[in-house]
Amino acid sequence: MEWADELAARVSGPQVVNDSKTPSGTVHVGSLRGPIILDVITRALRAAGHETTLLYGVDDLDAMDAQALLTPDAIETSMGVPLAHIPDQVGDGHASYARHHAQVFIDLFADLGVNPDRYYWMSDIYPTGDMDPFIRTALDRAHVVRALYRRVSNVQHPDTWHPVLVICPTCGRVGTTIVTKWDGEQVFFECRPDLVTWARGCGASGWVSPFGGRAKLPWNLEWAAQWSLFGVTIEPCGKDLATAGGSRDRSDAIAREVFEREPPINVPYEFLNVGGKKMSTSKGRGSAAHRIVEVLPPEPLRTLMIRTRPQTALDFDPEGTDQVPRQFDEFDRLAAATAGKEVKGELPPGYEAVFRYALRDAAADVAAEAAAFRPSFGHLAFLLQVPGADIPALMAAEKGSALTDHEQAILDERLAAARIWLDDYAPERARMRVQEALPDGASELDAQQRAFLATLAEESEARTGDEWQASIFATATAGGLAAGQAFKALYLAFLGRPNGPRAGWLLASLDRGFVAARLREAAAGGTLPT
Ligand SMILES: [Zn+2]
Ligand SMILES: [Zn+2]
């Protein structure tokens with residue numbers, strides 16, 4: 001976590017942190033890494049005493065360039081059109097395609113603890129005229145921009161190319177237009193049928209004013225202009241943009257040489273790979289940000305995103321794995337360590353800061369949060385499968401006192417997530433069904449396992465899952481039985497299969513008399529001893 005505090009230590013004066021996104025489709029959960037990193041930087045800056053503004057922008061005048069994202073009837077009319085000018089395809093009341101996808105994404109922010117001071121939409125900014133000075137400068141310095149593209153990115157534009165994109169007054173496309181002349185007030189544009197392969201211009205051309213929302217800057221210039229317009233001092237960006245000669249280098253050079261301003265500090269961050277591949281915005285319904293947050297609430301999700309340095313690539317594969325429970329466990333481990341309790345396994349450097357920055361509420365009482373009772377996610381997922389389990393009562397018993405309102409809210413949030421996890425993500429081994437009669441599988445038990453079960457049947461002290469777990473280990477060890485064989489015996493006796501969720505929880509969740517009888521029955525090989 002030092003990276004954020006180090007950053008805060010090396011800057012001076014008021015800070016403006018910015019990020020922006022092109023709302024080209026359903027947003028993948030990996031896209032939350034940026035906003036969460038932005039938020040952590042903002043919190044670190046504020047903690048260090050810097051007056052800080054957090055901005056989040058939507059680049060919604062960018063052209064639609066992905067046919068796959070459109071319904072078939074919209075392809076002809078919408079390819080090349082600014083995202084802000086395409087109707088909402090879902091028809092749930094948003095003003096445009098861009099508003100729909102950006103809003104579904106942005107709506108997640110507040111609950112994640114990400115609270116930009118201002119959201120801006122480029123489709124709102126251009127018509128105000130605020131971008132006009134930058135458009136004028138870019139046109140006046142078109143030769144500088146062309147030379148810079150050649151030098152930084154090896155991109156050769158024709159000598160007549162000017163760095164402005166007119167929104168065609170005839171067909172409304174922005175992706176198909178090119179400006180070839182500039183007379184100081186108007187530009188000469190052509191909407192070419194063959195300028196790009198992915199959209200077809202209408203063939204219109206003529207002199208128009210590029211100001212007041214009639215044109216936009218190409219993306220790299222728009223990015224650099226945003227830095228000047230908003231006074232941005234820090235802007236992290238995804239690693240795909242931060243390559244040598246890539247987008248960020250281009251915009252940095254544009255900032256210096258065209259708009260004559262030092263670019264903001266970059267904090268490049270790596271991707272979050274879901275299910276083993278880098279999911280782009282355009283793919284992956286199963287990894288949509290608004291879906292993943294249903295199973296991974298803000299704090300475990302923030303933990304996932306910030307536990308490692310931004311430059312570390314992350315793999316997250318929630319389907320059919322225990323990665324979701326593991327994110328909860330990791331957050332709980334950070335909480336326990338922060339509360340001064342001993343925890344198993346290695347802790348990340350600066351784990352207290354990781355915990356603090358993982359909290360949804362920037363102003364939370366960190367010590368109180370660390371000490372709060374948080375039921376294990378795996379345990380809850382297990383208890384949800386135990387018919388008649390009184391989960392709030394069991395949790396109060398585990399804690400040793402009644403849950404506070406805050407702890408009850410944590411419990412409710414985790415139960416909701418665990419239900420979704422069991423329905424949509426959990427691996428088979430996390431599911432269980434206690435067999436009402438001794439399962440056939442119990443006939444596989446050997447003599448040592450039977451002896452272990454018989455001894456365990458006499459256990460009268462264990463009440464909680466942890467106590468049962470300890471008793472299972474002690475009894476197995478005393479009988480010279482490997483722990484794995486002991487657990488297998490229990491799973492066979494109760495579930496009729498060789499594996500299952502934590503055995504201690506299983507025994508603690510069941511009626512005590514039932515447990516003792518089943519253990520004796522299995523030990524006796526199916527015949528209850530008289
Ligand atoms: Zn909508
Ligand atoms: Zn046109």
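A residue counts as buried under 20% relative accessible area, as exposed over 50%, and as partly exposed in between. The exercises below concern a predicted model.

**Exercise 1.** Classify C171 and C168 as buried, partly exposed or exposed.

Solution. Step one: the relative accessibility of C171 is 22%. This value lies between the cut-offs of 20% and 50%, so C171 is partly exposed. Step two: C168 has a relative accessible area of 3%. That is under 20%, so C168 is buried.

**Exercise 2.** Identify the protein donors of the zinc ion (ligand 2) and determine the geometry of the site.

Solution. Step one: the donors are the SG atoms of C168, C171, C191 and C202, at 2.2 to 2.3 Å from the zinc ion. Step two: along the chain, these donors have the spacing C-x2-C-x19-C-x10-C. Step three: the angles among the four donor atoms run from 104 to 113 degrees. Four donors count as tetrahedral if all angles lie between 85 and 135 degrees, so the zinc site is tetrahedral. For four tetrahedral donors the ideal angle is 109.5 degrees.

**Exercise 3.** Describe the setting of H379.

Solution. Step one: H379 belongs to helix 15, which covers residues 377–383. Step two: H379 has 9% relative accessibility and is therefore buried. Step three: beyond its neighbours within four places in sequence, H379 contacts M395, E398 and W505.

**Exercise 4.** State where pLDDT stays under 50.

Solution. Step one: mean pLDDT is 92 for the protein, with 97% of residues at 70 or more. Step two: pLDDT stays under 50 over residues 278–285. Step three: where pLDDT is low, the predicted coordinates should not be read in detail.

Definitions and conventions. Residues numbered from 1 in each chain as written. Chains lettered and ligands numbered in written order. Predicted model: local features only at pLDDT ≥ 70, side-chain atom pairs only at ≥ 80, totals over all residues. Heavy atoms only, no water. pLDDT = per-residue confidence, 0-100. Contact = heavy atoms within 4.5 Å. Helix = DSSP H or I, 4+ residues; strand = E, 2+ residues; numbered from the N terminus. Buried < 20%, exposed > 50% of the residue type's maximum accessible area, 1.4 Å probe, protein only. Donors = N, O, S within 2.8 Å, 3.2 Å for Na, K, Ca; no water. Tetrahedral: all angles 85-135°; square planar, octahedral: opposite > 155°, others 65-115°.
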